[in-house]
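Welcome! Please have a look at the sequence and the 3D view before reading on.

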Amino acid sequence: MANIYPKLILDALRNVRYPGTGKDIVEMGFVSDDIHINGMKVSLSLLFDKPNDPFIKSIVKAAETAILTYADPNIEIKGNIEVKAKQAEAPKSTKLLPQVKNIIAISSGKGGVGKSTVSVNLAVSLAKKGYKVGLLDADIFGPSLPKMFNEEEARPLLEPMDGKEYIVPIEKYGVKMLSIGFFVNRDDAVVWRGAMAGNALKQLIADANWGELDYFLIDFPPGTSDIHLTLVQTLAITGAVVVSTPQQVALADARKGINMFTNDKVNVPILGLVENMAWFTPAELPENKYYIFGKDGAKNLAEEMHVPLLGQIPIVQSICEGGDKGLPVALNDNTITGMAFAHLSDNFIESVEKRNAELAPTQIVEVHNK
Ligand code: ADP
């Protein structure tokens with residue numbers, strides 16, 4: 001039995017040609033560097049420009065055959081070839097969103113904790129205070145922004161500028177917004193995974209006319225996916241807001257979310273935690289608080305992880321109804337929910353300003369392109 005080493009595999013793969021080009025998949029850069037060899041078990045990744053490349057299946061099959069034919073027939077390769085999309089080239093040294101002062105990631109470890117509700121109401125509350133606000137729904141798994149603004153039928157227009165066409169964000173309640181939900185129908189959203197979703201999001205950021213903004217809020221998908229990494233590596237994110245409920249399972253995921261942003265590779269500071277669904281309050285008895293997901297869970301996590309607690313938002317029926325009707329509760333300051341979001345946005349502004357004061361001006365415009 002031969003000794004298997006990467007060059008043997010690469011040489012075997014040089015026998016696979018990409019249809020119509022006359023070139024082999026190695027010289028075309030389709031084979032990633034990370035060829036893993038463990039005894040006779042070989043695994044590797046093939047990188048394609050387009051995730052819907054029509055030749056993916058046949059090339060994977062041909063690659064398997066080439067390895068068995070030209071390297072060693074005893075190699076265990078079937079099922080060990082992973083297909084990935086090539087990283088889209090990051091724009092070099094051009095600053096994306098040059099007219100945006102603060103780019104904010106709004107994230108949660110877990111779905112359903114109210115991340116979109118908090119994003120929408122924070123955006124509306126900031127706009128009410130006179131700030132220029134943009135909101136991008138990057139939650140491609142479940143874009144909810146069109147519904148939460150009652151703009152499900154809206155279709156953004158294209159506008160020519162400097163010889164290029166730009167997407168014009170939809171504007172409502174003083175907030176400029178875009179969502180993948182404006183471009184695909186709900187049932188299609190689930191296939192927008194990986195690089196395709198990443199590229200679509202980049203387009204919504206770079207090919208849209210956001211204009212001058214004080215705050216550009218990005219409602220991230222839940223969890224910690226490749227999309228997060230693509231976004232944080234492409235944009236100079238000022239900081240992240242993490243939303244959690246006080247429940248233990250949500251807190252465990254929120255902790256992971258915080259660590260994802262603060263780890264060395266990503267290095268995005270946490271502006272604070274928001275405890276959503278902190279307690280239940282019946283509208284007719286606003287003094288009564290029922291801690292149905294536990295008391296102060298996110299508050300305690302914030303203390304433990306030394307990040308600010310930006311606000312505690314109660315569970316109130318009107319928040320849910322406001323989301324469904326496209327009338328965010330933050331529009332009305334005279335309600336307990338409106339006040340809770342007004343208070344949250346005050347703390348948020350303070351945290352962003354504190355963060356910016358800590359940075360030298362040259363660092364604020366730094367882009368994390370790799
Ligand atoms: P996520 O973006 O984390 O998936 P959503 O913002 O879509 O979560 O919220 C999930 C559901 O919970 C929605 O129906 C929303 O209206 C409701 N909801 C969120 N926060 C509250 C709250 N504080 N009080 C009542 N309902 C809420």
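Where is L285 found? L285 lies in the loop between strand 12 (270-280) and helix 8 (297-304); helices (H or I, at least four residues) and strands (E, at least two) are DSSP runs, numbered from the N terminus. This is a predicted model, in which local features need pLDDT of at least 70 and side-chain atom pairs count only at pLDDT 80 or more, while totals for chains, interfaces and linings use all residues. Residues are numbered from 1 along each chain as its sequence is written, and side-chain values use heavy atoms, with hydrogens and water left out.

**Domains**
- The protein is divided into domain 1 (6-91) and domain 2 (100-358), with bounds that come from an automatic or database domain assignment.
- The centres of domain 1 and domain 2, taken over C-alpha atoms, are separated by 39 Å.

**Aromatic rings and charges**
- The structure holds 10 aromatic pairs; rings of Phe, Tyr and Trp (its six-membered ring) pair if their centres lie within 6.5 Å, and planes under 30 degrees apart count as stacked, over 60 as edge-to-face and the rest as tilted.
- One aromatic cluster is formed by Y18, F30, F48 and F55.
- The charged end of K289 sits over the ring of W279, 4.1 Å from its centre; for this, NZ of Lys or CZ of Arg must be within 6 Å of the ring centre and within 35 degrees of the ring normal.
- K295 lies over the face of Y291, at 5.2 Å from the ring centre.

**Buried and partly exposed residues**
- L285 is partly exposed, with a relative accessible area of 42%; buried means under 20%, exposed over 50%, and partly exposed in between (1.4 Å probe, protein chains only).
- V274 has its place in strand 12 and is buried, with a relative accessible area of 1%.
- V274 and V241 are 33 residues apart along the chain, and 7.3 Å separate their C-alpha atoms.

**Positive phi values**
- N150 is a residue other than glycine, yet its phi is positive, near 50 degrees.
- N150 is found in the loop between helix 4 (145-148) and strand 6 (158-161), and N150 is partly exposed, with a relative accessible area of 46%.
- M277, in strand 12, has a positive phi of about 60 degrees although it is not a glycine.
- M277 is partly exposed, with a relative accessible area of 22%.
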